Amino acid sequence: MTNLLHPEPRQRAALAGHERLGSDPGNLTPEIPGLRNLIKESWQRSASFKANPDNAAAPLAFDWEQLEDYRRQHPLAAIMPVINKLLVQPSHDSGLLVAVGDEVGRLLWVDGDPTLQRRAEGMMFVPGADWSEASVGTSAPGTALALGRGIQIAGAEHYQRAVHPWSCTAVPFHDPDSAAVLGVVDITGTATAVAPHTLSLVEATVAAAQAQLRVERLQLAAELARKPVRRRSPAAAARQGQGGVEGSLYRNSLQLLGRDQALLSLGGRTVSLSARHSEILALLSAHPEGLSAEELGLLLYPGEGSTITLRAEMVRLRKVIQQLSPDAVPGSRPYRLPLDLVPDTGQVLSCLQRGAHRIALEIYRGEVLPRSEAPGILDLRSRVSSLLREAVLTDGSAESLLKYAALPEARDDVVIRRAALRLLPPRSPKRAAVVADLERLEAELRA
């Protein structure tokens with residue numbers, strides 16, 4: 001993770017670089033002691049684009065009517081509720097702005113602290129403005145898109161001198177199926193915008209939004225599979241992004257959380273699996289190295305595993321997968337998937353490993369295959385659920401604790417409710433419901 005550990009020396013180096021740069025973009029000395037290489041290289045690209053460091057503001061790429069129409073059809077419109085919940089709402093009182101731009105650096109949405117929004121208008125950090133490197137030089141949104149990864153730009157590291165009072169962190173947003181760059185998510189403000197944890201926060205939010213976009217596409221694909229195929233207008237296809245559902249690559253995803261029957265998507269086609277096939281694919285996706293028939297049987301069947309019954313199930317499962325994608329048919333000896341299958345359980349565990357419990361809560365839709373009694377599924381269910389609960393109890397806010405308490409598995413969780421009660425403000429209207437829940441649970445324990 002990139003972070004700006006020594007801001008003062010880096011700011012001095014960047015200011016010295018600007019003194020050498022002067023007012024002539026072509027006067028960029030290759031060796032600037034203390035200037036980060038990625039900044040120097042971005043300045044060099046900016047100079048090659050003829051970007052002017054003395055421009056006071058970014059140019060507008062859209063008028064309001066054009067912007068409204070473009071945003072409605074852009075694929076990132078579908079994930080704005082996630083961005084709003086995880087970044088925008090917390091930013092309103094924190095001295096930060098949240099911006100979402102398209103794949104060439106044009107800002108589509110800018111929201112956050114109202115006072116900061118008014119200040120940012122002076123440099124045209126507004127919806128419709130072009131913040132690509134070609135237009136404004138080095139900035140987090142444009143440079144993140146140029147490098148294809150998350151980046152933090154502090155103060156004088158910006159190419160435009162008018163932007164020196166600002167700092168920002170940005171992460172590109174990739175299509176979850178085709179991996180094409182769809183846009184960029186940015187946090188802009190003062191020093192807080194480049195704090196060490198900010199990049200992780202934006203990366204985790206982007207990961208959650210990508211997961212949500214994939215889920216919505218899978219759900220739409222499942223709905224379309226149950227309906228007669230009909231041609232759609234180009235505008236309707238554009239609203240789905242990347243040519244619509246039919247043109248998107250639904251790669252290797254498996255939804256297990258809160259479902260008795262998993263939803264499998266391969267090669268642009270989606271199917272609801274039987275309960276047993278759901279268990280088998282959940283276990284194989286959790287063991288990419290493969291499992292012998294005996295190992296898989298023990299994980300699948302309570303008591304002694306039945307390899308004969310397992311082989312019959314595998315024959316049926318291969319036929320189902322063959323219809324979706326012949327390249328995805330599981331191998332044998334050991335049983336193993338020939339490609340990576342990304343389950344939503346893996347996404348939750350990945351978020352928890354990064355310390356992003358809020359994102360994990362957004363993805364988590366309930367226990368793994370709740371009705372399954374397969375020993376391997378019971379272990380997986382317990383692991384995901386217990387790690388999530390532990391993370392929420394250890395680091396969660398009152399809101400996170402209440403969100404977890406609303407899950408079916410937490411209906412009788414006294415510890416979670418007591419923890420939420422300790423964190424809620426004394427006059428919070430939410431305290432009454434928590435107290436009532438605790439009284440109910442204590443009464444049930446006494447009965």
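Mentor: Let's start at the hairpin of strand 1 and strand 2, where four residues sit between the strands and Gly-105 takes a positive phi near 95 degrees. Before going on: this is a predicted model, so local features need pLDDT of at least 70 and side-chain atom pairs count only at pLDDT 80 or more, while totals for chains, interfaces and linings use all residues. Residues are numbered from 1 along each chain as its sequence is written, and side-chain values use heavy atoms, with hydrogens and water left out.

Trainee: How many bridges join strand 1 to strand 2?
Mentor: Five, and the two strands run antiparallel. Strands are DSSP runs of E with at least two residues, helices are runs of H or I with at least four, and both are numbered from the N terminus. Two strands pair if DSSP finds at least two bridges between them.

Trainee: And what is the bridge partner of Gly-101?
Mentor: That's Leu-107, in strand 2.

Trainee: Why is strand 2 largely enclosed?
Mentor: Five of its six residues (107-112) are buried, so the rest of the structure largely encloses strand 2. Buried means under 20% relative accessible area, exposed over 50%, and partly exposed in between, using a 1.4 Å probe and protein chains only.

Trainee: New topic: what about the burial of helix 11?
Mentor: Nine of the 12 residues of helix 11 are buried, so that helix too is largely enclosed by the rest of the structure. Among the buried ones are His-277, Glu-279 and Leu-283.

Trainee: What do they pack against?
Mentor: Several elements, including strand 6 (253-255), helix 13 (307-324) and helix 16 (375-395). Contact here means heavy atoms within 4.5 Å.

Trainee: Let's jump to Glu-133. Buried or exposed?
Mentor: Glu-133 counts as buried because its relative accessibility is 4%. You'll find Glu-133 in helix 6 (residues 133-136).

Trainee: Which side chain does the side chain of Glu-133 make a polar contact with?
Mentor: That of Ser-42, at 2.5 Å. A polar contact is a pair of N or O atoms within 3.5 Å; within protein, one must be able to donate a hydrogen and the other to accept it, and residues adjacent in sequence count only if both atoms are side-chain atoms.

Trainee: How far apart are Glu-133 and Arg-45?
Mentor: They are 88 residues apart in sequence and 7.6 Å apart in space, C-alpha to C-alpha.

Trainee: And how many helices and strands does the chain have?
Mentor: The chain has 19 helices and nine strands, and 50% of its 447 residues count as buried.
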